[in-house]
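Morning, everyone. I'll take a few minutes to walk through one structure, starting with the overall picture and ending with two residues.

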Amino acid sequence: MNNKNLDVICLGRAAVDLYSEQIGSPLEDVSSFKKYLGGSSCNIAFGTSRMGLKSSMLTRVGDEHMGRFVRKELARVGVDVSHVVTDDERLTGLVLLGIKDKDTFPLIFYRENCADMAICEKDFDEAYIASAKALLITGTHFSTEGTDLAARTAIKYAQANNTKVVVDIDYRPVLWGLTGKGEGENRFVSNASVTQHLMSIMPLCDLVVGTEEEFHIAGGCEDTIECLKRIRKVSSAEFVVKRGALGCSVFKGTIPETLDEGITRYGVEVEVLNVLGAGDAFLSGYLRGWIQGESTENACDYANACGAIVVSRHGCSPAMPSLEELDYYLLNRDDIPRPDLDPVLNYLHRVTTQRPVRQERKKEWQDMCILAFDHRRQFVDMCLEVGAPLSKIPKAKELILQAAYQGADALGDTVGGTGILADGTFAQDVLNDITGKDHWIARPVEMPSSRPLRFELGDNIGQIISTWPTNHIIKCLVFYHPDDAVDLRNEQEQKVKDLYRACCASGHELLVEIIPPADSAVQDDTLSRSIERFYNLGVFPDWWKLPSPSKAAWKKIGALIKARAPHCRGVVLLGLDRPVDELQAGFNAAAEQDICKGFAIGRTIFSEPTKAWLSNQIDDTEYVARVKNNYLEMSRLWKQRTVVSTDEQAAK
């Protein structure tokens with residue numbers, strides 16, 4: 001199988017899960033939901049991609065917003081979506097799910113004539129199936145005549161091309177028409193017709209995975225060992241029995257008299273929040289080992305660990321661990337009874353899975369040229385200085401956005417990233433306009449010039465940012481010095497800690513901007529000591545925004561971030577309305593620093609043009625042109641930064 005460019009093709013359900021946010025509430029009393037990628041096959045494609053496999057999804061979605069969401073979420077983690085077919089006539093399936101208690105998970109499938117159940121053999125060809133090491137099909141897609149034909153056609157192609165066939169029994173009685181539509185939670189209804197149908201599929205498989213109940217429906221009785229023996233009479237496949245907290249048992253040959261006599265790997269008991277999606281996570285982990293030819297014991301360990309992590313979290317696909325996260329858990333699982341509360345595990349999940357990815361180039365932000373105009377007090381001051389009404393500020397910021405767009409177009413791919421830092425006070429229309437485009441976006445939460453730190457929209461910061469788009473980076477400026485008075489320092493640190501926890505909960509990235517107070521003594525270790533203090537408090541921002549450090553200070557900052565937070569996105573430099581030559585010197589000092597990703601500068605770029613525009617000395621066109629030219633000049637200086645010696649820097 002060395003010539004195959006895909007590890008696994010997942011054929012089956014593609015849906016959007018709407019998960020209740022009120023834990024413990026009956027589904028009928030739920031007041032809000034969180035939206036996630038869903039559908040068993042999609043979850044497995046998503047999970048295996050996070051496991052490092054090259055996964056592809058074979059399904060249909062509607063020609064609407066939810067279909068675009070499914071495709072986008074799959075692509076975000078690297079799943080091949082070339083065979084996610086858009087269906088012009090049907091809608092993407094939806095599922096409403098609740099978490100009532102540890103044993104009760106009500107759900108309703110909205111899948112009447114949904115897009116993925118219209119998949120047909122014309123949606124793929126033999127070459128596509130042959131390109132994968134394995135073909136995974138989930139049970140629902142054997143439940144109707146049309147999807148059964150498509151699934152069997154794919155299996156025929158797989159068998160002709162040395163592609164292994166994997167079936168996840170994934171039995172949902174409601175999707176076979178065996179229960180009322182409101183009984184989505186029901187996992188087992190015996191039915192001879194379904195058993196006969198599933199039994200006809202078993203000889204076609206190389207790997208069959210299911211819970212004990214799922215093997216019961218496939219084997220036609222409620223004795224697990226007897227069911228396995230019945231299936232073994234018609235199938236030489238490897239059977240994997242999922243046993244919940246007891247782990248799993250694998251059977252490759254003759255079926256013994258007890259489950260424990262199979263290749264059995266026991267799991268670690270964890271606190272259960274939500275079992276939905278745990279089976280998909282389990283299979284994602286198992287396929288990591290199975291497809292890559294690792295030992296069965298390793299595959300079982302991956303599977304059990306993935307399942308244990310996901311049952312402790314909200315949602316299915318977003319709860320799936322990354323490789324780094326999973327490997328950490330496997331090394332420490334005996335000491336992590338609550339994966340949902342383990343700080344290291346949660347940090348790894350945040351920085352390896354939750355960060356937004358660029359829509360086009362799909363690479364980390366680097367070499368960034370950011371136009372910052374989140375200033376509020378400064379715009380008010382400019383209006384007062386020239387006698388302009390404050391009502392002109394929103395228009396000014398809209399024009400600055402146009403300059404940013406034009407500048408980004410001119411820069412093209414000559415820099416690694418472009419974007420803005422803008423506020424919601426005067427620039428909400430700006431934020432609305434740029435959201436959804438391929439630009440870096442950050443917005444402030446601090447009350448301008450506050451020391452001690454105050455949040456502009458009140459102390460309930462988690463509720464505030466939960467309404468903001470998740471690709472908006474939360475920026476917080478704190479005037480901070482590690483030698484501040486203890487009471488002041490503690491008060492400010494608590495605010496930043498509260499904000500960091502809110503960002504962890506909401507999924508937003510956090511940028512902390514540190515400016516030492518104007519009257520404080522700044523040494524080469526001042527900024528690194530400030531950063532270290534926040535790390536010691538358990539605050540690990542995704543970004544830092546700093547005044548240009550000296551070369552000596554850079555060495556301390558770079559070494560600290562590398563040692564304490566290797567997943568940090570990086571540092572961007574601020575401007576403080578400094579003259580251009582000073583900013584250029586700061587750029588040069590950062591020339592050798594990989595951790596420095598660029599600049600986020602504003603007043604040096606927009607102050608003079610804004611004053612001229614506010615006082616009616618120039619029109620809109622000239623205003624945009626001047627801001628754009630200043631932005632491009634700053635970007636040119638960044639791109640042309642050069643290494644200077646310590647003596648040269650000191651002389652400047």
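**Charges, overall form, two residues**

The protein carries 74 positive and 91 negative side chains, and the centres of these two sets are 3 Å apart. Lys and Arg count as positive, Asp and Glu as negative, and His and the chain ends are not counted; each charge is placed at NZ of Lys, CZ of Arg, CG of Asp or CD of Glu.

Some ground rules. This is a predicted model, where local features need pLDDT of at least 70 and side-chain atom pairs count only at pLDDT 80 or more, while totals for chains, interfaces and linings use all residues. Residues are numbered from 1 along each chain as its sequence is written, and side-chain values use heavy atoms, with hydrogens and water left out.

Now the overall form. The C-alpha trace spans about 85 × 50 × 50 Å along its principal axes. Of the 652 residues, 57% are buried, meaning under 20% relative accessible area with a 1.4 Å probe, protein chains only.

Next, Ile-441. Ile-441 sits in strand β16, residues 440-444; strands are DSSP runs of E, at least two residues, numbered from the N terminus. Is Ile-441 buried or exposed? Ile-441 is buried, at a relative accessible area of 1%. Thr-418 is 23 residues from Ile-441 in sequence, and their C-alpha atoms are 9.0 Å apart.

Last, Asp-148, in helix α4, residues 145-160; helices are DSSP runs of H or I, at least four residues. Asp-148 is buried as well, with a relative accessible area of 11%.

Conventions
Buried < 20%, exposed > 50% of the residue type's maximum accessible area, 1.4 Å probe, protein only.
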